[in-house]
Amino acid sequence: MKVIECKDLTKAYIGKNALNQLSFSIEENKITGLVGRNGAGKTTLLKIIGGFLKETSGTIQVFSERPFNSLNVSAHSIFVDDKMSFPPALQLYELLEAAGSFYPNWDMDLAERLFDYFSFDRKAYHQRLSKGKTSTFNMIVGLAARCPLTIFDEPTTGMDAVVRKDFYRALLKDYLAFPRTIILSSHHLDEIEDLLEDILLINDGKKHLHMPMEELKEWAIGIKGATATVLEWSDKKELIYKNQIGADTLYAVVKNDFDEPSLMKASLAGLKITSVSASDLCVYLTSESKGGIDNVFSDR
Amino acid sequence: MQIAEWIETEIMKGHFESDQKVYSQYQLAEMYTINPATAAKGLNLLADEGILFKKRGLGMFVSVNAKEMIINKRKNQTLKRLVQEVVLEAARLQMSEDELIEMIKAVQNEEGEQ
Amino acid sequence: MSLVIANLVDIVKKQYLFKLKANIDSFSSLIWIQLLALLFSLGGVGSTLASSGYLSIEVKYYSADLVIAFTMIWAFVTAIIITTKPYRNQDFTYVTNRLSSSLANIIFLLTASIIGGITAMLVNNLLKIIAYFIFNEQLYSFQSGFRELALGISMTILYVFCISAFGYLVGTLVQVSKLFILFVPVLFFGTILLKTSVQKEPFLTSIFKFYFFEPSLLLLLLKILLTSCLFFFTSIAILNRMEVRR
């Protein structure tokens with residue numbers, strides 16, 4: 001079953017399209033990573049899925065309903081980010097109780113255990129929490145709600161390394177026990193890639209690629225060697241990324257559709273073939289100019 | 001595929017005997033904090049190679065001659081690739097064949113002493 | 001996966017209880033405002049002095065009008081506050097859609113009006129008691145008996161509710177465009193100023209007469225309820241199209 005389906009989804013702000021003809025679908029009970037550069041449209045997309053924002057054109061269906069103003073979508077999904085808004089009059093524990101009254105699958109036991117593990121004070125107030133603690137609290141609400149569609153938009157903002165690791169593990173463990181559709185957006189793909197089944201990469205409001213994580217890991221290869229040899233060997237292929245090292249060495253990333261013998265030939269020709277990590281690849285695929293930051297400093 | 005390699009090593013070490021059930025994709029996912037789909041892919045890879053076999057509804061089990069298969073595979077693939085690298089590097093350094101073989105022998109002796 | 005269909009009535013109920021808890025502060029501000037009004041009223045809202053020969057009579061009017069007026073202002077402000085962004089965003093943290101959010105708000109405002117109305121009338125009686133015991137004045141009350149009190153309370157509640165409906169609409173309009181922050185007061189004071197320049201009954205006075213000088217109780221009830229409904233429907237229609245958490 002498809003939990004999310006959108007077709008030609010467009011969101012226009014004054015003078016700019018935040019989303020541009022985006023089409024994709026997300027299957028039930030998969031963890032999908034949403035990645036992209038700053039301003040690529042990740043948050044806009046997630047807020048449309050959550051029913052907060054209205055699409056300008058195209059269609060979007062969440063649980064086979066248009067999410068904007070859908071009570072069903074709201075009841076079966078939760079949107080977690082560091083800007084979640086809670087009434088200032090209520091204490092943290094009261095906020096958990098309130099969440100419990102709204103979400104049918106809410107697990108108070110899990111919420112309390114996480115709450116105590118991260119040493120929250122039941123009588124503390126949400127708006128006085130630090131950045132990292134805010135994210136941690138919101139994450140607890142997101143996990144314990146056990147919504148069939150759980151959306152985490154940059155959930156680890158401000159968390160320290162230990163808490164981030166705990167969060168990833170808590171997320172996975174609870175997902176294994178109670179499978180559900182999860183969308184996780186993050187700038188730290190290297191941290192979350194092991195958790196993901198699928199990855200959706202968007203750039204400038206458009207879909208760049210959407211595939212299983214395992215495929216992405218083998219989607220491209222890096223070749224390093226003498227410039228002339230690299231260029232000759234990668235003949236006619238688009239260089240996703242290239243980096244000139246020293247006088248005569250080139251590191252290039254190309255799409256991996258080589259067969260075993262031709263890779264063999266490459267090694268024999270003295271080229272070093274390496275795999276390209278998913279996070280590096282996403283950076284290469286979405287960098288504005290192929291030369292990267294070095295181009296800013298060249299020709300000065 | 002790290003999961004596949006890890007299970008292979010476990011089998012080599014004798015932690016899993018033939019006909020014994022290996023971890024499920026969910027156990028592996030939990031052990032390594034990885035997506036169960038990734039773990040399943042590792043298991044299926046080994047099943048495709050015949051090192052594991054599926055029992056419907058019961059899970060994955062170690063094949064009778066899993067150990068030999070792993071040894072053969074590692075010889076023919078992993079070790080061969082390593083040797084290739086060594087030979088290529090030796091060629092770049094203009095070492096003779098005898099020199100290279102001497103070197104390998106020397107390393108082998110050192111390892112033996114330890 | 002089988003999803004239970006979300007029930008609007010159920011969600012509105014939950015949201016209403018949540019709002020009562022979350023907005024508890026607005027009730028404490030009500031108490032302060034009414035006490036303040038009480039303090040202002042203690043001197044009497046009006047007095048007449050009559051004397052003939054050795055006899056002099058001073059009549060002071062004590063009235064809860066000021067308390068009711070302050071309660072109305074409180075209801076107006078409360079209604080505006082709950083339409084602001086932080087409050088709408090809070091709803092969307094949990095389960096809601098725009099309709100359920102507004103319905104819960106309306107029930108909340110009704111509750112606020114009921115509490116405001118009852119306390120206003122109680123403060124009125126408190127005022128009389130204070131006047132009697134502390135100032136030692138001879139008391140003549142116009143209204144007496146349970147019927148009059150009940151009528152007074154219900155009318156106050158209705159008026160306060162209507163004002164809160166107006167506040168909800170004003171708050172909603174301000175959410176659409178900040179220009180309404182300017183527009184509404186300009187309209188308000190503009191019609192008052194019009195009185196001096198044009199020799200005609202000002203708009204505001206006729207509105208006041210329309211709602212406050214209606215002799216028929218039934219008609220008055222109808223007028224107030226219809227007006228409140230109109231305000232709320234308009235607000236819901238506007239809010240229903242608005243995005244949150246932009």
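User: How many residues of chain A and of chain C does the contact between them take?

Analyst: In this predicted model, the contact takes 27 residues from chain A and 29 residues from chain C, where two residues are in contact if their C-beta atoms, placed from the backbone, lie within 7 Å. On the side of chain A that touches chain C, helix H2 (71-76) and helix H3 (92-102) of chain A are the elements that give two or more residues, and the largest share, 5 residues, comes from H2(A).

User: What makes up the side of chain A that touches chain C, when its residues are sorted by class?

Analyst: Sorted by class, the side of chain A that touches chain C has 17 nonpolar, 7 polar and 3 charged residues.

User: How many residues does the contact between chains A and B take from each chain, and which helices of chain A supply at least two residues each?

Analyst: This contact takes 13 residues from chain A and 11 residues from chain B. Helix H6 (161-177) and helix H8 (213-217) of chain A each supply at least two residues of the side that touches chain B, and H6(A) gives the most, with 5 residues. By class, that side of chain A divides into 7 nonpolar, 1 polar and 5 charged residues.

User: Which chains have the most contacts among the pairs that touch, and how do you know whether chain B and chain C touch or stay apart?

Analyst: Among the 2 pairs of chains that touch, the most contacts are between chains A and C. Contact requires C-beta atoms within 7 Å; chain B and chain C do not touch, and their nearest C-alpha atoms are 19 Å apart.

User: Why is helix H1 of chain A called largely enclosed?

Analyst: The cut-off for a buried residue is 20 or more other C-beta atoms within 10 Å of its own. In helix H1 (residues 42-49) of chain A, 8 of the 8 residues are buried, so the helix is largely enclosed by the rest of the structure. The buried residues of H1(A) are A:Lys42, A:Thr43, A:Thr44, A:Leu45, A:Leu46, A:Lys47, A:Ile48 and A:Ile49. H1(A) is followed by A:Gly51, whose phi is positive, near 85°.

User: What makes strand E5 and strand E9 of chain A edge strands?

Analyst: The open sheet in question has 6 strands of chain A in the order E5-E6-E7-E3-E8-E9, with mixed pairing. Strand E5 (77-80) and strand E9 (206-212) of chain A each pair on one side only, and they are the edge strands. From one strand to the next the twist averages 15°.

User: How do you know that strand E8 of chain A pairs with E9(A), and what packs on this sheet?

Analyst: Pairing requires at least two bridges between two strands; strand E8 (residues 198-203) of chain A and E9(A) have 6 bridges and pair in the antiparallel sense, with A:Leu201 standing opposite A:Leu209 in E9(A). Helix H5 (residues 131-144) of chain A packs on the sheet, where it touches E5 and strand E6 (149-153) of chain A, and the direction of H5(A) makes about 170° with that of E5(A).

User: How does the radius of gyration of chain B stand against that of a compact globule?

Analyst: A compact globule of 114 residues would have a radius of gyration near 13 Å, but chain B has 18 Å, and the C-alpha atoms of chain B fill a box of roughly 55 × 25 × 25 Å along the principal axes. Buried residues make up 22% of the 114 residues in chain B. The secondary structure of chain B comes to 5 helices and 2 strands, running α-α-α-β-β-α-α from the N terminus on.

User: What does the model show over residues 103-123 and 218-239 of chain C, helix or strand?

Analyst: UniProt, in an unreviewed entry, places the feature "transmembrane region" at several spans of chain C, including residues 103-123 and 218-239. Residues 103-123 of chain C are 100% helix and 0% strand, with end C-alpha atoms 30 Å apart; residues 218-239 of chain C are likewise 100% helix and 0% strand, with end C-alpha atoms 31 Å apart.

Conventions:
Residues numbered from 1 in each chain as written. Chains lettered and ligands numbered in written order. Predicted model: local features only at pLDDT ≥ 70, side-chain atom pairs only at ≥ 80, totals over all residues. Helix = DSSP H or I, 4+ residues; strand = E, 2+ residues; numbered from the N terminus. Nonpolar A, V, L, I, M, F, W, Y, C, P; charged D, E, K, R; others polar. Rg over C-alpha atoms; globule rule 2.2 N^0.38 Å. Buried ≥ 20, exposed ≤ 12 C-beta atoms within 10 Å, placed from the backbone. UniProt positions renumbered as here; feature names shortened; annotations may be inferred. Axes fitted to C-alpha atoms, helices over the stretch in contact; angles between N-to-C directions.
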